[in-house]
Amino acid sequence: SCDQPAGLLANKLYAAGREAARFFHEQLMSPGGEAARAYLTGRGLTPGIIRAFGLGYAPDRWDGLLTALRGQGIEDGIMAEFGLVRENEGRYYDAFRNRVMFPIIDSRGRVIGFGGRVLDDSLPKYMNSPETPVFNKRRSLYGIHALKKLGTIDRIMIVEGYMDLISLYQAGFRTVVASLGTALTQEQARI
């Protein structure tokens with residue numbers, strides 16, 4: 001299954017994803033996350049739904065996440081492999097800046113990637129994690145982790161993106177997943 005890549009690299013990537021999600025959520029709840037919180041509440045999201053989906057904020061800094069994850073013992077190369085940082089001439093910098101962050105969580109509860117949405121009109125509007133040993137966009141569904149808690153499910157709605165799913169979930173439609181903004185793939189349909 002795509003949810004079970006083996007080995008030390010995968011474990012390090014899962015740890016990087018978990019710590020990044022924690023950092024982004026803390027940033028959203030901090031004074032510096034006020035504009036991002038205003039964006040989310042302006043879209044009608046409650047504090048409870050923001051917590052339930054672990055939404056976060058990537059500050060408008062070149063090294064906010066980099067510094068925080070280094071402090072957690074996460075190696076620069078692992079952060080780069082996950083797509084959290086980029087490298088230029090031997091120097092690393094945060095890949096996501098000034099974006100609302102949506103952690104992509106697999107069916108086993110592990111953070112495998114992120115989607116980030118700008119708060120202004122800059123482009124690209126959405127930026128996603130790259131393909132990695134633990135994240136394949138064609139074989140991943142946003143929100144699948146929340147289905148596990150529901151038990152037997154007769155039918156599932158499939159929507160396009162993060163906010164589509166979260167808005168429906170908040171309105172009481174709990175059997176919903178999102179295709180991460182891509183055309184529905186055969187792999188996603190099988191899942």
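This is a predicted model: local features need pLDDT of at least 70, side-chain atom pairs count only at pLDDT 80 or more; totals for chains, interfaces and linings use all residues.
Trainee: What order do the strands of the open sheet have?
Mentor: The order is 1-4-5-6, four strands with antiparallel pairing.

Trainee: Which strands stand at the edges?
Mentor: Strand 1 (56–58) and strand 6 (126–128). Each has a single partner strand, so one side of each lacks a neighbour in the sheet.

Trainee: And how many bridges between strand 4 and strand 5?
Mentor: Seven, in the antiparallel sense. In strand 5, Val 118 is the bridge partner of Arg 99.

Trainee: What does helix 1 touch when it packs on the sheet?
Mentor: Helix 1 touches strand 1, strand 4 and strand 5, and its direction makes about 35° with that of strand 5.

Trainee: Switching to the largest nonpolar core. Which residues touch the most other members?
Mentor: Leu 55, Leu 84, Phe 114, Tyr 142 and Ile 166, out of 53 residues. Helix 1 gives the largest share of this core, ten residues.

Trainee: Where is Asn 98?
Mentor: In the loop between strand 3 and strand 4 (99–105). The side chain of Asn 98 makes a polar contact of 2.9 Å with that of Tyr 57.

Trainee: Now helix 4. Which residues there are buried?
Mentor: Gly 64, Leu 65, Leu 66 and Leu 69. Helix 1 (8–29) and helix 5 (76–82) are among the elements that cover them.

Trainee: What comes just after helix 4?
Mentor: Gly 73, which takes a positive phi of about 85°.

Terms used
Residues are numbered from 1 along each chain as its sequence is written. Side-chain values use heavy atoms; hydrogens and water are left out. Buried means under 20% relative accessible area, exposed over 50%, partly exposed in between (1.4 Å probe, protein chains only). Helices (H or I, at least four residues) and strands (E, at least two) are DSSP runs, numbered from the N terminus. Contact means heavy atoms within 4.5 Å. A polar contact is a pair of N or O atoms within 3.5 Å; within protein, one must be able to donate a hydrogen and the other to accept it, and residues adjacent in sequence count only if both atoms are side-chain atoms. A nonpolar core is a set of buried Ala, Val, Leu, Ile, Met, Phe, Trp, Tyr and Cys residues joined through side-chain atoms within 4.5 Å. Two strands pair if DSSP finds at least two bridges between them. Axes are lines fitted to C-alpha atoms, for helices over the stretch in contact, and angles run from 0 to 180 degrees between N-to-C directions.
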